Amino acid sequence: MVGPVVTIGTLALATLALHYRDPHQHGSWGLCPLYAATGLYCPGCGGLRAVNDLTDGHVGAALSSNILVTVLIPVSIALLSLWALDKWRGTTRQVPWSRLRPFVVALLAAMFLFAVVRNTGSGAWLAP
């Protein structure tokens, strides 16, 4: 249980820190290296603000900060819960790469497309 407990605990502490130290204030958590170097938004830009908004119960603001991160948070919680449950039961879940590959490719494609679109004029509404 060490792996799931440490991972979930670390994420919980990071979420708590994001709740109390507002990332909406410029530079409070540093700057995205890609944005600082190129002026382009990466798929994660606005993610800290989205988590902060969710801890305040503002789902709409979280979606506005980073829709991709906001949508992936429940998925991440479900996967972390399955991992912890499997460890608790002493079972190991084996997912063959052939079944997992389409999801990984789709996620990477979605992240790439999201990054490209949010840096265009027509996708400016996706920018943080």
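In this predicted model, the charged end of Arg21 sits over the ring of Trp29, at 5.5 Å from the ring centre; the criterion is that NZ of Lys or CZ of Arg lies within 6 Å of the ring centre and within 35 degrees of the ring normal. Residues are numbered from 1 along each chain as its sequence is written, and side-chain values use heavy atoms, with hydrogens and water left out. As the model is predicted, local features need pLDDT of at least 70 and side-chain atom pairs count only at pLDDT 80 or more, whereas totals for chains, interfaces and linings use all residues.

A search of the whole structure returns one aromatic pair, formed by Tyr35 and Tyr41, which is stacked with 4.9 Å centre to centre and 10° between the planes. Rings of Phe, Tyr and Trp (its six-membered ring) are paired if their centres lie within 6.5 Å, and planes under 30 degrees apart count as stacked, over 60 as edge-to-face and the rest as tilted. Tyr35 is partly exposed at 36% relative accessibility, and Tyr41 is likewise partly exposed at 21% (buried means under 20% relative accessible area, exposed over 50%, and partly exposed in between, with a 1.4 Å probe and protein chains only).

The largest pocket has a volume of about 560 Å³, and of its 21 lining residues the closest to its centre are Leu11, Thr15, Val51, Ile73 and Ser76. A pocket is here an open set of points on a 1 Å grid over the protein atoms alone, where a 1.4 Å probe fits, with protein on both sides within 12 Å along at least five of seven lines, and lining residues have an atom within 4 Å of a point. Grid points are joined across faces, edges and corners, and the volume is the space filled by probe spheres set on the points. Helices H1 (2-20), H3 (47-55) and H5 (67-89) each give two or more residues to this lining, the largest share, eight residues, coming from H5.

The second largest pocket holds about 480 Å³ of space, and of the 14 residues lining it, Leu79, Leu82, Arg93, Val95 and Leu100 are the closest to its centre. H5 gives the most to this lining, with six residues. Arg93 lies in the loop between H5 and H6 (helices are DSSP runs of H or I with at least four residues, numbered from the N terminus) and is partly exposed, with a relative accessible area of 48%. Beyond its neighbours within four places in sequence, Arg93 is in contact (heavy atoms within 4.5 Å) with Leu82 and Asp86.
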